[in-house]
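Please open the model in your viewer and keep the selection panel at hand. The tour below goes from stop to stop, saying what to select and what is found there.

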Amino acid sequence: MRPIAIVGAIQEELAGLKQALQNTHTVSLGSRQVTTGTWHGQQVVLALSHIGKVAAATTATALIERFDVSDMVFTGVAGGLGPGVNVGDMVVATEFLQHDMDASPLFPAYEVPMYGRAHFPTDLHLTQSLKSAADSVLKNPAQWIDMDVLRELHVHTPQVHTGLVVSGDRFVSTTAESQDLQARQPKALAVEMEGAAVAQVCHDYGVPFAAVRTISDRADDSATIDFSRFIQEVASRYSLALLGTWLGARAIT
Ligand code: SAH
């Protein structure tokens, strides 16, 4: 059975997922350690990509080449951009774009040279199944997370959104930059630093890819507040709940 790759950028988040795996083995992959194991009876390879597009692309490539993974799922946090995309919400990506790709005037801004495209869609089937798992987790968040913590972090009724996510090699943490990005990419729901790179690698190899991000900040002047607490107490629990629900449903279909 070909394994499913689960990739995340942040150590604290991956630590929780690692505990859910059974029959684990640690394998070196370049400078990284990846964990293989089973979860709901399925073979899984869990990898920490580290932060940024290059780190994410090399991780994705190595996982495909070394483990011949059948599917790739990225989980992590992101800054909310679109109106109504708030801290504590989840965004399931339908497509990705690199907001810092610009080879103009040789190619249109954002287009990845030689690919003839700026947008890289995620796999429809995988994305729909992740969205169903996200809906079911957020229907009853109290089952997974201490609601007092959510209230303290000003999260009230977390929502699931689906749409465009943009990636680039910068942590967007000023209101001016966030507004500029929204003006340039009005359809973007969220900004992060890895997804578009993994989408491009999966496009190259024909590997189905999907991604889900928990909104940790609004990519504005308050973007760095309580970041690590949010990851530990909210995002990593969401991702454990979401991926467990998703793999559980996959096991019976
Ligand atoms: N303080 C963190 C740094 C995280 S960098 C640490 O010490 O690990 C940001 C990570 O979260 C990246 O993986 C990125 O994909 C995502 N992210 C969350 N909010 C973001 C934002 N506003 N802009 C860009 N990336 C963001």
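Angles between axes under 35 degrees count as roughly parallel, those over 145 as roughly antiparallel, those from 65 to 115 as roughly perpendicular, and the rest as oblique. The model is a predicted one, in which local features need pLDDT of at least 70 and side-chain atom pairs count only at pLDDT 80 or more, while totals for chains, interfaces and linings use all residues. Residues are numbered from 1 along each chain as its sequence is written, and side-chain values use heavy atoms, with hydrogens and water left out.

**First pair of helices**

Select helix H3 (residues 124-139) together with helix H7 (residues 227-251), which pack at an angle of about 125° with their axes 9 Å apart; here helices (H or I, at least four residues) and strands (E, at least two) are DSSP runs, numbered from the N terminus. The axes are lines fitted to C-alpha atoms, for helices over the stretch in contact, and the angles run from 0 to 180 degrees between N-to-C directions. H3 and H7 are therefore oblique to each other. On the H3 side, the residues making the contact (heavy atoms within 4.5 Å) include Leu126, Leu130 and Val137, and on the H7 side they include Tyr238, Leu242 and Trp246.

Next, select helix H2 (residues 53-67) and helix H6 (residues 195-205), whose axes come within 8 Å and cross at roughly 30°. H2 and H6 are therefore roughly parallel to each other. Among the residues in this contact are Ala56, Ala60 and Ile64 of H2, with Val198, Val201 and Tyr205 of H6.

**The ligand**

Now centre the view on the ligand, which 17 residues surround (a heavy atom within 4 Å), the closest being Val172, Met193, Glu194, Arg213 and Asp217. Which atoms are paired in polar contacts, that is, pairs of N or O atoms within 3.5 Å? A backbone N or O atom of valine 172 lies 2.9 Å from a nitrogen atom of the ligand, and a backbone N or O atom of glycine 79 lies 3.4 Å from a ligand nitrogen atom. Arginine 213 takes part through its side chain, an N or O atom of which is 3.2 Å from an oxygen atom of the ligand.

**Two backbone details**

Move to the loop between strand E6 (90-98) and strand E7 (120-121), where proline 105 is found; a cis peptide bond, with omega of about 5°, joins serine 104 to proline 105. Finally, select asparagine 23 in strand E2 (residues 22-29), a residue that has a positive phi of about 55° although it is not a glycine.

Conventions
A polar contact is a pair of N or O atoms within 3.5 Å; within protein, one must be able to donate a hydrogen and the other to accept it, and residues adjacent in sequence count only if both atoms are side-chain atoms.
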